[in-house]
Amino acid sequence: MNAIPHRIFLTEEEMPKAWYNLRADMPEQHEPLLDPATREPVTLEALSHIFCRELAAQELDTTHRYIPIPEPVLEYYKTYRPSPLVRAYGLERQLGTPARIYYKFEGGNTSGSHKLNSAVAQVYYAKQQGITHLTTETGAGQWGTALAMACAYFGLELTVYMVKSSARQKPQRRAVMETFGARVVESPSPTTQVGRALLARYSESGGSLGCAISEAVETAANTPNCRYVLGSVLDQVLLHQSIIGSECRIAMDRIGEYPDIVIGCAGGGSNLGGILCEYMADRLQGRGHARFIAAEPAACPSLTRGRYAYDYCDAGQIAPLAKMYTLGSGFQPASIHAGGLRYHGMSPVISKLYHDGFIDEARALGQTQVFEAARRFAVAEGILPAPESSHAICAAIQEAERCREEGVGRTILFNLTGTGYFDLAAFQQYNTGAMVDLSPTEAELIQNFRGLEACAQGPHSY
């Protein structure tokens, strides 16, 4: 009989009552967001025209280590949290590895992902401010679904710009969003100035998260009593996702485990930021021994092949600029099935931690090897994972196989933040051998990097 159960559950009473702000422990802060017009650091007042005021304040907060979770948000969390920490005994047996593999399973809600953790918080603060309408973008659809759920619960209207290639790959996601009352628009669309301009330039474009962000921001600016909300990248989002790592720490402490390796998929940063936060706090404070790995798609390799530079957060260049690892705001990613990882840049927090060596490795993975890892995991653990989360699974399998080859029993922790039940067309493509690996050429990257030179110009040099 195994001493550690397959699933470790916390009680509602054990669920964290505050979000952990990783920035409060960082020895150096990432560079400030810049106003796209003045190139000056953005102020609370300026951000409050884009985001709700409380969220803008969270975005700029570098001092408070813990921020209390409002009671109405906690009450909603209790409908699907705490989420289980799972010992992957089946995967360990399949791999014949001495590694101990754990994953935090965030797919146990209707959105099928971790995105609900931030959606509930952002909609709550909008409701408290008296906002009546929100806009957003979504890639694979998990964020759009989560936000639609939260808006329906708190009674706000929602417009979602969904990346066109993902909308057509996953029409069921659109159906779920519309069931919860959201208006869903394929991006790029003819409904905005930015969308029309991009359609004129790239008539056959499958869209990008950068483009969808521009459309959502433009719509928010032109809609009365409306604000824009984002599902990844921003500091406020990583703050809300810290509940994943905090729950994980409590559960692992209970069973006497400490991870040697922590893995998360990396597109915008919310997944990786959520799982690593508590153990990264140890690293930043000079204790702990965990090694951190970011697993990203080879088709959109911002960490492994991008530049660490100021860049626009959106393709239309109307949102603030951020110092981050980026492929250029004009980058048009290939239509891979991990739609949630098709963002041109990376969270400023994640970028800074990687640049300063606190995140040990970024690993770019092709989608065929990712789907093979997803298949192996599904067979061993009985859960069909999302393509995004499967990048973390792939890296975890690689590390577990290395443990087998070296005869070392390391503890591996990864974030399983979504299910793949709306991605059956992708799995069918993989099963029939029709799936191909895609990655940008050096020439394509260099072309996009040229746009970064203009971002470096302005009143100040950072």
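Colleague: Between which strand and which helix does the loop with Arg39 lie?
Modeller: This is a predicted model, in which local features need pLDDT of at least 70, side-chain atom pairs count only at pLDDT 80 or more, and totals for chains, interfaces and linings use all residues. Numbering runs from 1 along each chain as its sequence is written, and side-chain values use heavy atoms, with hydrogens and water left out. Helices (H or I, at least four residues) and strands (E, at least two) are DSSP runs numbered from the N terminus. On that basis, the Arg39 loop falls between strand E2 (18-20) and helix H1 (44-47).

Colleague: Thanks! What is the phi value of Arg39, and is the residue buried or exposed?
Modeller: Phi of Arg39 is near 60°, which is positive even though the residue is not glycine. Buried means under 20% relative accessible area, exposed over 50% and partly exposed in between (1.4 Å probe, protein chains only). Because its relative accessible area is 12%, Arg39 is buried.

Colleague: And where does Val233 sit, and what is its phi?
Modeller: Val233 belongs to the loop between strand E9 (226-228) and helix H11 (235-254). With a relative accessible area of 5%, it counts as buried. Val233 is a residue other than glycine with a positive phi, near 70°.

Colleague: Which residues are in contact with Thr219, its neighbours within four places aside?
Modeller: Thr219 is part of helix H10. Its relative accessible area is 14%, so it is buried. Those neighbours aside, its contacts are Thr135, Tyr161 and Thr192.

Colleague: Which residue in E13 is the bridge partner of Tyr308?
Modeller: Strand E13 (residues 321-326) is mostly covered, with 6 of its 6 residues buried. Two strands pair if DSSP finds at least two bridges between them; here 6 bridges join E13 to strand E12 (residues 307-312), and the two run antiparallel. In E13, the partner of Tyr308 is Tyr325.

Colleague: What volume does the largest cavity have?
Modeller: A cavity is a set of points on a 1 Å grid over the protein atoms alone where a 1.4 Å probe fits but cannot get out, and lining residues have an atom within 4 Å of a point. Points join across faces, edges and corners, and a volume is the space filled by probe spheres set on them. The whole structure has 5 cavities of 30 Å³ or more, and the largest holds about 350 Å³.

Colleague: Which residues lie nearest the centre of the largest cavity?
Modeller: Among the elements that each supply at least two lining residues are strand E6 (133-138), helix H10 (209-221) and helix H16 (387-406). Of the 31 residues in the lining, those nearest the centre are Lys115, Ser232, Ser270, Gly340 and Leu341.

Definitions and conventions. On a 1 Å grid over the protein atoms alone, a cavity is a set of points where a 1.4 Å probe fits but cannot get out, and a pocket is an open set with protein on both sides within 12 Å along at least five of seven lines; lining residues have an atom within 4 Å of a point. Contact means heavy atoms within 4.5 Å.
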